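Colleague: Could you walk me through the terms you use for this one? I like to see the cut-offs behind each label.

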Amino acid sequence: MKRAPRPTRKERRAQRGPAAAASATVHGDHGHIHCVACGRHISADELASSPPTATWLTCDHGGHFASCTTCMVQSQMLIATHERTGQPVRSAPARH
Ligand SMILES: [Zn+2]
Ligand SMILES: [Zn+2]
Ligand SMILES: [Zn+2]
């Protein structure tokens with residue numbers, strides 16, 4: 001599989017511009033955790049429970065995305081699209 005060299009974080013940010021950088025807060029830990037696929041609120045307990053009902057997924061350039069374990073296939077597709085296009089992950093609206 002041919003793949004272009006991965007741009008550095010700085011280059012990628014320059015390509016995407018300030019608007020994209022601002023919307024990239026989904027990459028950070030901003031207190032509230034929601035499933036990227038369904039928008040369900042995920043508590044920290046779920047990520048730590050055994051077996052976990054939610055998990056963290058990581059994108060190509062190190063962003064972390066929470067997902068219900070039941071939504072993982074869908075979440076991985078969203079993240080794959082984000083990696084391919086460089087667009088922010090099209091996460092579902094947050095709900096509680
Ligand atoms: Zn979910
Ligand atoms: Zn929430
Ligand atoms: Zn990413």
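Modeller: Happy to; below we take the labels in turn.
Modeller: This is a predicted model, where local features need pLDDT of at least 70 and side-chain atom pairs count only at pLDDT 80 or more, while totals for chains, interfaces and linings use all residues. Residues are numbered from 1 along each chain as its sequence is written, and chains are lettered from A and ligands numbered from 1 in the order in which they are written.

Colleague: What makes up the secondary structure of the protein chain?
Modeller: There are 3 helices and 2 strands, in the order α-α-β-β-α from the N terminus. Helices are DSSP runs of H or I with at least four residues, strands are runs of E with at least two, and both are numbered from the N terminus.

Colleague: Why is alanine 92 called partly exposed?
Modeller: A residue is buried with 20 or more other C-beta atoms within 10 Å of its own, exposed with 12 or fewer, and partly exposed in between; C-beta atoms are placed from the backbone. Alanine 92 has 17 such neighbours, so it counts as partly exposed. In the protein chain, 20% of the 96 residues count as buried.

Colleague: Which residues does alanine 92 touch, not counting those up to four places away in sequence?
Modeller: Val36, Ala37, Cys38 and Gly39; contact means that the C-beta atoms, placed from the backbone, lie within 7 Å. Alanine 92 sits in the segment after helix H3 (72-85), and its C-alpha is 4.8 Å from that of glycine 39, 53 residues apart in sequence.

Colleague: What makes the peptide bond from serine 50 to proline 51 cis?
Modeller: Its omega is near 0°. Most peptide bonds are trans. Proline 51 lies in the loop between helix H2 (44-48) and strand S1 (54-58).

How values were computed: Contact = placed C-beta atoms within 7 Å.
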